[in-house]
Amino acid sequence: MVQQDAAELKERMIQVAGRRIMVGGPKPVLKEGEEHVKDTLSVCPECYRLLPALVYEKDGKIWIRKKCPEHGEVEDLYWGDAAMYRRAMRYEAPPTRVKYAYKQLENPCPFSCGICSIHTTQTALANVVVTNRCNFSCWYCLPGDEETLFKTGGEMGLKSFEDVSKNLAFDHRVETGGFAGDYAIPEDLYVLSFDRGRAEWARVAKIFRRKYEGRVLKVKTRTGREVRLTPEHMVFVNEDGEIKKKRAEELTEKDMLVLLWNFSSDGDFREINLLEEFQTLPEEDKEKVYVRGLENINVLVLRRRYGNVVYSWKTNGSMPLKHFYELYPPGEYRLGRDATRHEVSPRLEITPEMATLIGYFISDGNYTSKDIRITVGQKDVEEELVNILEKLGLPYSFLIHEGKAKQLVVGSKLIRLVFKHVFKIPEKSANKRLPRGFLNFPLESKVALLSGLFNGDGYVVKGTRHLSVGYASVSKGLIRDILFLLASFGIFARVHRVSKEKMKGAKHDLYKIYIAGKDLVKLVDLLKLRHGHVKRLGDIGERKEAKVVRYGDFYLDTVESVEEEYYAGYVYDLEVGNESHSFVASDGFLLSNCFFFAERSGYVYEPTLEQYRMMMKHLRKQYPYGSKAIQLTGGEPLVRDDLVDIIRITREEGFTHIQLNTHGVFFALEGGVELARRLREAGVNTVYLSFDGLDPRINVKNHWEIPYIFENFRKAGMTSVVLVPTVINGWNIHELGKIVRFAAANSDIVRGVNFQPVSLVGQMPRSERDKHRITIPEVIKLLEEQTDGEISREAWYPVPFTLVLTTFLEKLTKGKERWHMPIHPACGMATYVYLDRSKDGIHFVPITSFVDVEGLSEYLRQKTVEMERGRNRYMVMLELARRLNGFIDKEKQPKDLNLGKILTNIILRRSYGALSIFHYKFNYLGMMHFMDPYNYDVERVMHCGVHYVTPEPNVVPFCTFNVLPDLYRDNVQKEFSVSLEEWSKLKPGTVGDRSKYKRDVKKLASGEIYKKTYEGFLD
C-alpha cells in the first residue's frame, strides 16, 4: 500500500541538504503485453526528481518504470520472477505507523528521512559507520585534476580526468596482483599514444579510478614540463637507446623521459551552431536572448500556452530563446539580445578574424557583466582589431581613463556569451585557457589564434648570442594549451616558471614559453606578427636545432627534480587499445599503466566515543519497540584502536546483539587471535565477513587471508561468522553453490551466508545495468541449481513471514512489545538448512522439507486471535506444547535432530539459549537486496527496517542513506569529518601509504592452513 498517493503528487520544488529537487511528473502507462501490479513512487537516477512509478509484470518478471520530464523514461528489473514475487507479497505486513518517530514529515518520502512519522518499521538492525578509513591498497595513477589530450566525437581538447569521467559509469570491478578497483568503458574516447615513434590516436578501452590519499610526485624536466603521479606509476625512459618503463619513485635526475614533440590535428571545426550550443546557457540568459525572424508564428496556438505576450512576439518577429526551444520550429533565424539591434547568425564561422580576436582577448582581455574588453597599447594592434570587428559586424567603442591603457569595448552581449559559454574561455588571468576545440580549428584559424596570442602577450628576447620569441601568463593551463597548439605545428618550446615570491606584489607564479633556433624560424614564417615584434627580431638568419634528442614525434627530456606533494581525491588510469599501452598526459609526458594506494574518501569520518554513546542513546529512544541489534561497519571498523571501547559502550546502552562488518584481514595478522578474543569478550556476537567467492580472481579482497582468519577464530572462540557475498551477474554467480558448501564445511564457526544482489549505483546505461543486474529470485534459482535441487526455491520466505511468530509471542507475554520486522517482502528472503553429513559429503536439508511452516504459521495466527479475544494464554501454551510436534514430519526429520524440543524451548520458554542451539544446528541462508536509483520504490523505503544512526543525531533508512548519498551519507559524514591533512597530523601513519596492508600472496598461498582450508574448492 502506497502511503503517498502518486495521483496527488503536486508538482513543486523542495530543498534537501542544499540541493533543489523537483517533485511530480507524468504518470507512466502500461504498454502492450504488460500487466499492472501496483502504483508507487520512485526517483530519477540523475536529478532525484520524485516521480509516479509503475510496477508491472511482463515476460514472467516484475519491472518498474518512471518518466522524468528532463531526463526521460527509465525502466528496470524489479524482481526477476513474477510467480515468486506474488508468493512473497502474500506476507506483506499491514500498513502501520512507527511508535516512535524522530521527526515529522516535512518533505515527501524519501526526502524527510529521520525516521519520519509515516515510516512503518522501527529499527530492526542499526548500522553505525564507525570510520571511513580502510587499510586496503588499490591501484591506478594520475590525480583527477591532471589533464590528457582526449579526442571524442572527432573533437580534440585537453581535459582533466575528472571532467572526462563525469558522464561515464564506473560499474565494472577489476583486480590485478591482489589490488581491486572499478572502471568504465567509454564508447568514443581516444588519446595520443606511442606507435613506433609516431604519435597516433588510440582508443581508450577502459578508464580506471579510485579514491586516493597520500603523496604524489611532481616530476619536472629541464625543458620546464611537469606531471604529477603516484609513486608507483610507470613512465617511459630512454636507457642506452631503448625505451623502457620505470616507476616514478625510482626516477633520478639523470633519467631521460619521453615527451611529445609533434602530432597532427584535423582542422574541420569551421562552424558553430549557436542554437544548439546556447541550450546550455543559464536560464536567465535564455530569457534575454531572442530568436528573430519568426514573423510567421501561429499566435492562436501560442496564446493558449503563453498568454497575450505572443502578440508582441508576432509584431516584433522574435521570441525568447527559452520558449523557442520548447517549439523549435524549422526556419532561418537570427539571434539578438533584448533592447538591442545587434544580431548575429546562428551559424558562427571560425574564421581567421574570429580566431585572431580570440587570441587578443585571451592575452589582453577581460569580461564585464555586459561585454568583453581588450587592452590595446600599440597603434597597429588597435587598427587590426578595429578592422576585424568591422568585418565581423560587431559593435565597438573605446574606453580611455587617464593614466591607464586604452580599452577596446566589444559591445555585444552575444559575443560575450559565445566566448564564455560556447568557447568556454574562463574569467580571470590565472584561469585563462584557449577556446574549446582550438586544435580542430582550420589551419588558417589556428595560425591566426597564435598570431593574436603572441601579438597580445608575446615578446621578443634579443641578446648578442640569443634570440627567442616568448609568451608569458600566470595561467599554467593556458601555457599547456599553447604547448599543444605549437606541437600541432611541430614547433618545440621551452617553459620557465618564475615563482611569485620572486616578483613583488605577485599573487601567482608566472609561466614563460620561449621558442628559439629553427623552431623560431618556423614560428615567425607562420605568424603575422605586429610591427614591434618584427622590428625587434630583425634579420633572423640561420638558426640551430633545439638541443634535445628527437625520437620521431617525441623527444627526450632530462629529469630536473622530483618533489613530493600531498593529494586526496580520485586518481585515474587508462587502458589504451594499442601495442605500447601508453598515452600522452599533462605537458606531453608519455605514460604507462600503474598501481596506486588509495584512501576511500578525501576526508576522515570517525565519530568520537562521546558522539557514539550519544548516537546509541538516540537510537534507544525507540525501546521497547526498536531493535537491540547493532552492526558496526565502515570503511573497515578494525582500523580503530578503540573498537573494544565502542563495543563496551554498545553493551552499556542496552544493545544485546552486536555484529561486526569487516573484511577480516586484521584477524589473519600477528595478534589476530588476541584481537578476536578481546572483541568476543567485549560483546561481539557475530562477524559479518566479506566473501565474494572462492576464486582468488573474484574474491580479491580477502581470499588469501580467509584460511588464517578462520584458524584464529577457532583459537579465539569466535564461533558465529556470517559470510557476506555481493552477487553480481557475470562476475560471481557461478560461485554461489560453492560459497554455501564452503560455509557448511566450516560450520563450526560459520553460521550462515547472507547474499546481497548488487545495487547498481552511479550513472549507468540500460545495457550495462542489464549486464550486471540480478535480483533475489535469480539468486535463489541459481542456488537451487548449484545445490542439485537440495535448497529449492520453495524453501525461501520473505522477512515479514516472521510477524506471525513475534505477534504470537507478544500476546503470549501479556502484550509485552516484541521486536517485529514488518519489512517489505521484496527486500529480503531467508531460509534455514540442516547440514546432513554423510559419507559422500554434506547435504542440505531445508527446514521446510520436514516442517509444515505454513501450517504452523496459520495455527499461531489463530491462537493469537484467540488470545486477543480473551482466551487464557496458559491454555494456549499447553495446547501448543501438545500440537507442536504435529507440524514436524518425523520420517523426514534428520535422525539426530529433535526440532520439537528446540522449538518448544524457544516459543514457550523464550529461551535465548534454545535459540542459540537452533542456530548451531542449522545454517542460515539470507538474501537482502538493497535498492538503487533505477529500481527505487518509495514504498519499500517506508517499510525499511535496516537503518543508519548518524551523529546529527538521526536514524536513516538504508536505501536513502546509501542510494541518495549526497543528501544523507556523504552530507552528514562530511559535516562531521576531519580533513586528511589534519588527521595525518593528529594521528600520523593512520592514513596513506604507511597504513595500507601489503599482502604476500606467495607466502599466504603456500601455507598448510591455506591448502587445507581450500582443499576440494579450488581447481
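User: Which residues of helix α16 (residues 643-652) are buried?

Analyst: This is a predicted model, where local features need pLDDT of at least 70, side-chain atom pairs count only at pLDDT 80 or more, and totals for chains, interfaces and linings use all residues. Residues are numbered from 1 along each chain as its sequence is written, and side-chain values use heavy atoms, leaving out hydrogens and water. Buried means under 20% relative accessible area (1.4 Å probe, protein chains only), and helices are DSSP runs of H or I with at least four residues, numbered from the N terminus. In α16 the buried residues are L643, I646, I647, I649 and T650.

User: Why are they on the same side of α16?

Analyst: An α-helix has 3.6 residues a turn, so residues three or four places apart point the same way. For the buried residues of α16, the directions from the helix axis to the C-beta atoms cover an arc of only 160°.

User: Is S318 buried or exposed?

Analyst: S318 is found in β21 (residues 318-320), a strand being a DSSP run of E with at least two residues. Its relative accessibility is 7%, so S318 counts as buried.

User: At what angle do the axes of helix α24 (residues 853-868) and helix α25 (residues 873-883) cross?

Analyst: Axes are lines fitted to C-alpha atoms, for helices over the stretch in contact (heavy atoms within 4.5 Å), and angles run from 0 to 180 degrees between N-to-C directions. The axes of α24 and α25 come within 10 Å and cross at roughly 165°.

Methods:
Buried means under 20% relative accessible area, exposed over 50%, partly exposed in between (1.4 Å probe, protein chains only).
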